[in-house]
Amino acid sequence: MTGALDLTGVSKSYGDTPAVRALDLSVAQGEILALIGPSGCGKSTLLRLVAGLERPDQGTLRVGGEVVAGTASAVPNSPNSSVGHAPVTRAQWVPPEKRRVGLVFQEHALFPHLSVGDNIRFGLDGVRRTEQDARVREVLDLVHLPHVADRYPHELSGGEQQRIALARALAPRPAVVLMDEPFSSLDESLRARVRTDTVDILRATGTTAVLVTHDQTEALTVGDRIGVMRDGVIEQLGTPVQVFERPVSRFVASFMGDADFLPSSVDEHGLACELGLVTVQTDVADAEVVVRPHEVSLTLPGPETDGAEHHGALAVVDRVEYHGAFILHTVLLPSGRTVRSWQPHSIRYPVGTKVFASIHPGMVPSLLVGERTVTHAPNTH
Ligand SMILES: Nc1ncnc2c1ncn2[C@@H]1O[C@H](COP(=O)(O)OP(=O)(O)OP(=O)(O)O)[C@@H](O)[C@H]1O
């Protein structure tokens, strides 16, 4: 089925540097896709390809079902052509201004010499002035800034400028809005508010969007799906719950949230790691258990933990970091490995405290064999 945005086998290199490699991606109508990955993995190149600011070396891009770059569906050979002859193909290219794509890029900030109204009108070329005025009013209402049409960008706060940039992108009713780190210049408290407002506006208008971010929380809270990119490919594409709770690889597990990795072994009780038995049914030997800090429980040793080595390990608090609402404890296990544990604000074990570390009951950690996670079912025993 055709989505609002479809990429098929798209590749782009800069000289010898592959930036995007044979990438397939489909974004559904009204969906918000968050793209995340380490610096240089190809996120911006992907957006620039969709925007038409770069040409793909290979592959096809469609916006709203229309081929905007690459090779249109192959024109079949004429009946007279010799058997085995390569199909005739036709390169297609739609320039950026003709694509139904709205941009909220940092480098496409508002024009400083144009009023807010004229900034928004900029994308409405060819539309009658009365219609332009109506649309400017409409999108300014949408971003809750109906009174700023005559102001200049420098007369707006950072958050207001960001909302105007969104209004400008939405004005021509694009099929897809592309956002490259749109909130990164805002301070943290403002960022959360502008982000929420932006998502509300995208939802209210049913707009399809691709958002590039460095921020895990942003990806998890904003994306209907998240694409985790690495070296020019999407290593995992899934819902926030899938990428966080069922990462497909060591890379995704450590990139989306914090993770520690503990070796495991299978004994007569089942699969166990240093933090005790793992509620996973598997016959995989030599797996590593992916342990997230929110899954690790710390308690002071007492009669109930005596002889409970199947359920955890005696550890020593090695490091304590205050994060406001939560406190991150790093504990040293008997093996010399460390694991991290989030504790609520009210619990702060000083460095050197002996604690009993275990996996919270009911948690079903992921298992890694080599670099990939293995699928498994929770142990029902
Ligand atoms: N114009 C260019 N010329 C040469 N190489 C480039 C160019 N643009 C990007 N690259 C290279 O392509 C690769 C992907 O870059 P890209 O900007 O897409 O990554 P990114 O994931 O957006 O990184 P960041 O998060 O740091 O913005 C990198 O190796 C980068 O150095």
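Which domains does the domain assignment give for this protein? Colleagues, the model I present today is a predicted one, and the assignment gives domain 1, made of residues 5-75 + 88-250, and domain 2, made of residues 259-378.

Let me begin with how these two domains are placed. Taken over C-alpha atoms, the centres of domain 1 and domain 2 are separated by 40 Å. Where the two domains touch, domain 1 supplies 5 residues and domain 2 supplies 5 residues. On the side of domain 1 that touches domain 2, 2 residues are nonpolar, 1 is polar and 2 are charged.

I turn next to a pair of helices. Helix α4 covers residues 158-170, and helix α5 covers residues 188-205. Their axes come within 10 Å and cross at roughly 20°. Angles under 35 degrees count as roughly parallel, and α4 and α5 are therefore roughly parallel to each other. The crossing in which α4 passes α5 is right-handed.

Which residues make this contact? From α4 they are G158, G159, Q162, R163, L166 and L170. From α5 they are L190, R193, V194, D197, T198, I201 and T205.

Finally, I come to the ligand. The residues around the ligand are Y14, T17, A19, G37, S39, G40, C41, G42, K43, S44 and T45. Two elements, β2 (17-27) and α1 (43-51), each give two or more residues to this shell. Which element gives the most to the shell around the ligand? That element is α1, with 3 residues.

Thank you for your attention.

Notes
Residues numbered from 1 in each chain as written. Predicted model: local features only at pLDDT ≥ 70, side-chain atom pairs only at ≥ 80, totals over all residues. Domains from an automatic or database assignment. Contact = placed C-beta atoms within 7 Å. Nonpolar A, V, L, I, M, F, W, Y, C, P; charged D, E, K, R; others polar. Axes fitted to C-alpha atoms, helices over the stretch in contact; angles between N-to-C directions. Helix = DSSP H or I, 4+ residues; strand = E, 2+ residues; numbered from the N terminus. Parallel < 35°, antiparallel > 145°, perpendicular 65-115°, else oblique. Left-handed = near helix turned anticlockwise from the far one by under 90°. Near = placed C-beta within 6 Å.
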